Amino acid sequence: MDEEEKRVRLNQARALLAAAEAGDEADFDRQLAALTAGQRQPVFEQVGLMTREVHEALMAFALDERLDRMAEAEMPDARDRLRYVISLTEQAATRTLALAEEAFPVTERLIERSERLQQQLAQVAQREADNRRLVEVIHTISDYLDSVLGSGNTLKSQFTEVMMAQEFQDLSGQLLMRVINLLEQLESKMVSLLHLTSPETVSGDRQKKDGDMPEDLQRGTGPALPKASSDVVKSQDDVDDLLASLGF
Amino acid sequence: MDLNMKILVVDDFSTMRRIIKNLLKDLGFSNIEEADDGTTALPMLKHGHFDFLVTDWNMPGMTGIDLLKAVRADPALSTLPVLMVTAEAKREQIIMAAQAGVNGYIVKPFNGPTLKEKIDKIFERVQS
């Protein structure tokens, strides 16, 4: 502290003391502010520096063309790709379902006709009991028809399984829809930020309205992921237990 | 159980509607109609004399839980048996559905025997 500074300080301190003694509150406040002004200077400088850094970061953000490209092209593109995955799986599932639906009655007819033929042959075998050779042939055919019936029933349950397996399309579709929604929200936030930092580079029509905010339980939260926490039931048995505890 | 009863299947995914419809057919039911969300389902229920509702939860437009609440709030539909078949698996959600008056709750992925078991149970209770 040099002499001049020391003199100023002392004067300020005396003036503060004088104001306190005189009981002049307004003057006391003024003198106190004058005395502490020097100490607040570094804080203002720091805030100024930080403001400048934030400003520069925002400018760099606005000037970063990659961000612009991401918000404008890459995120919508990613959404389109996911939608395409949904439509591909839907097509595959629909085709599989159609084939299983066609195969099912074909198998049923096969079973039905085998049963009828078996009955008819049994009647013939009864009528022609004397004809050993014929009865023998009928037994052979009847054994074969038995195996047709068994295979037919196996096929029927397998076609049902093939149909049930197409359930994946609903679950994967719901999961992908949620990712698409998230991308939409991210994109809209990025566009808003870009718009704020450099209005001239962002055209008005890119400003999209906010998508649905994260849905609450009422809206539904989508299929549970395998790693889901304990507030999610793990199986149909859990559902049944929970409902039973509620008096169902 | 009346195999001729009229059933409405509500799900936004056509794949799932088709699977449920096929399973119901396999169980012997033949009078089945479809809707893709609550908004289309509700007028059908009001005018279609349905005996049973099978609905998903998470659908655009009107959700399954809102459809269930609307059904329970309508004097003409309030006793309609409702089965939820949904991927929504949070305990709170199952409790929410139970409180809203659901008759059965199946979590996807599911299978044919589970569907049969729940339907049998629902109609046992309804008849008794």
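1. In this predicted model, the contact between H1(A) and H2(A) is built from Gln12(A), Ala13(A), Ala15(A), Leu16(A), Ala19(A) and Ala20(A) on the H1(A) side, which meet Asp27(A), Phe28(A), Gln31(A), Leu32(A), Ala34(A) and Leu35(A) on the H2(A) side. Sorted by class, the residues of this contact are nine nonpolar, two polar and one charged.

2. As for the geometry of that pair, helix H1 of chain A spans residues 3–22 and helix H2 of chain A spans residues 25–63, and their axes come within 8 Å and cross at roughly 160 degrees. Since angles over 145 degrees count as roughly antiparallel, H1(A) and H2(A) are therefore roughly antiparallel to each other, and the crossing in which H1(A) passes H2(A) is left-handed.

3. A second pair in chain A can be described in the same terms: the axes of H3(A) and H5(A) come within 10 Å and cross at roughly 170 degrees, which makes H3(A) roughly antiparallel to H5(A). The crossing of H3(A) and H5(A) is likewise left-handed, and the contact between them comprises 17 nonpolar, four polar and six charged residues.

4. Turning to chain A as a whole, the secondary structure consists of six helices and zero strands, so that the pattern read along the sequence is α-α-α-α-α-α. Of the 248 residues in chain A, 11% are buried, while 66% of the contacts in chain A between residues at least 6 apart in sequence join residues at least 24 apart.

5. Between the chains, 32 residues of chain A are in contact with 31 residues of chain B. On the side of chain A that touches chain B, at least two residues each are supplied by helix H3 (65–127), helix H4 (132–165), helix H5 (168–197) and helix H6 (236–245) of chain A, and the classes on this side are 15 nonpolar, 11 polar and six charged residues.

6. Which residues have the most contacts inside the largest nonpolar core? That core has 45 residues, and those with the most contacts inside it are Ile7(B), Leu8(B), Ile20(B), Leu53(B), Val54(B), Met84(B) and Ile106(B). Its largest share, five residues, comes from helix H1 (residues 14–26) of chain B.

Notes:
Residues numbered from 1 in each chain as written. Chains lettered and ligands numbered in written order. Predicted model: local features only at pLDDT ≥ 70, side-chain atom pairs only at ≥ 80, totals over all residues. Axes fitted to C-alpha atoms, helices over the stretch in contact; angles between N-to-C directions. Helix = DSSP H or I, 4+ residues; strand = E, 2+ residues; numbered from the N terminus. Parallel < 35°, antiparallel > 145°, perpendicular 65-115°, else oblique. Left-handed = near helix turned anticlockwise from the far one by under 90°. Contact = placed C-beta atoms within 7 Å. Nonpolar A, V, L, I, M, F, W, Y, C, P; charged D, E, K, R; others polar. Core = buried A, V, L, I, M, F, W, Y, C linked by C-beta atoms within 7 Å. Buried ≥ 20, exposed ≤ 12 C-beta atoms within 10 Å, placed from the backbone.
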